[in-house]
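Trainee: Could you walk me through this model, one question at a time?
Mentor: Happy to; let's have a look together.

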Amino acid sequence: MNDILGNPEATYTLLLGIVSILGLMLSDVCQFRPGRLLFKPLAALSFVYLAWALGATDTVYGRWLLAGLLACLVGDLCLIPEGQATFLAGLTAFLCGHLLYAVAFMHLGVNAVALLVGSVPALILLFLSTRWLRPHLPPAMKLPVYAYILVIAAMLLAACLTTSNPAGIIILTGAWGFAISDLAVARQQFVKQTKLNGIWGTPLYFTSQLLLAASVTFI
């Protein structure tokens with residue numbers, strides 16, 4: 001935290017991210033589309049630039065993480081328009097983001113015990129998510145969504161490997177927050193459209209991304 005507060009560029013970026021998240025939430029609640037068009041890209045840019053400002057390019061972990069953040073930025077932009085084609089494009093971008101995060105995490109060492117313990121909740125999430133979504137998925141979306149859920153589980157398992165690292169707790173928190181926030185997106189897209197999905201899913205997603213971006217300071 002001191003590394004962030006001692007870096008004015010990172011501090012201003014973090015503040016921009018927080019303001020953008022709040023602005024996006026308010027815009028979605030009020031159904032103010034111009035606000036969504038403004039604040040969602042700003043919120044996504046903030047987590048990318050935060051990692052950059054904190055020196056992500058200085059380490060192998062940071063470079064892979066930054067690539068994942070950029071993929072998620074693309075995913076966020078794809079989800080601004082509404083439609084199955086743009087949703088599928090966003091899903092693909094986020095899938096790449098999860099994979100890139102997994103590669104980044106695997107550069108921080110291996111904790112076999114943590115991997116074994118962490119596999120239990122990851123597999124539970126995989127099973128329950130698949131069972132919950134199966135009745136609601138159009139035939140054309142079943143394979144992409146199932147593949148996405150598998151990649152999320154793999155990313156969570158990779159995050160478990162980092163437990164012994166100083167950044168491990170932040171990484172685990174960010175990874176799980178990202179994974180759980182995807183449930184809000186899935187519910188909005190396939191189960192039930194309601195403002196409640198964005199009220200909890202939006203801050204959880206962007207906060208998780210900011211945490212992952214901030215993790216580069218502990219490497």
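Trainee: Which residues in α5 meet residues in α7?
Mentor: First, this is a predicted model, where local features need pLDDT of at least 70, side-chain atom pairs count only at pLDDT 80 or more, and totals for chains, interfaces and linings use all residues. Residues are numbered from 1 along each chain as its sequence is written, and side-chain values use heavy atoms, leaving out hydrogens and water. Helices are DSSP runs (H or I, at least four residues) numbered from the N terminus, and contact means heavy atoms within 4.5 Å. On the α7 side the partners include Y148, V151 and M155, and those in α5 are Q84, F87, L88, L91, F94, L95, H98, L99, Y101, A102, F105 and M106.

Trainee: How many nonpolar residues does the contact of α5 with α7 have?
Mentor: Ala, Val, Leu, Ile, Met, Phe, Trp, Tyr, Cys and Pro count as nonpolar, Asp, Glu, Lys and Arg as charged, and the others, Gly among them, as polar. This contact has two polar and no charged residues, and the nonpolar ones number 21.

Trainee: At what angle do the axes of α5 and α7 cross?
Mentor: Axes are lines fitted to C-alpha atoms, for helices over the stretch in contact, with angles from 0 to 180 degrees between N-to-C directions. The axes of α5 (residues 84–106) and α7 (residues 139–160) come within 9 Å, and they cross at roughly 20°.

Trainee: How many helices are in the protein chain?
Mentor: The pattern along the sequence is α-α-α-α-α-α-α-α-α. The chain has zero strands, and its helices number nine.

Methods:
Helices (H or I, at least four residues) and strands (E, at least two) are DSSP runs, numbered from the N terminus.
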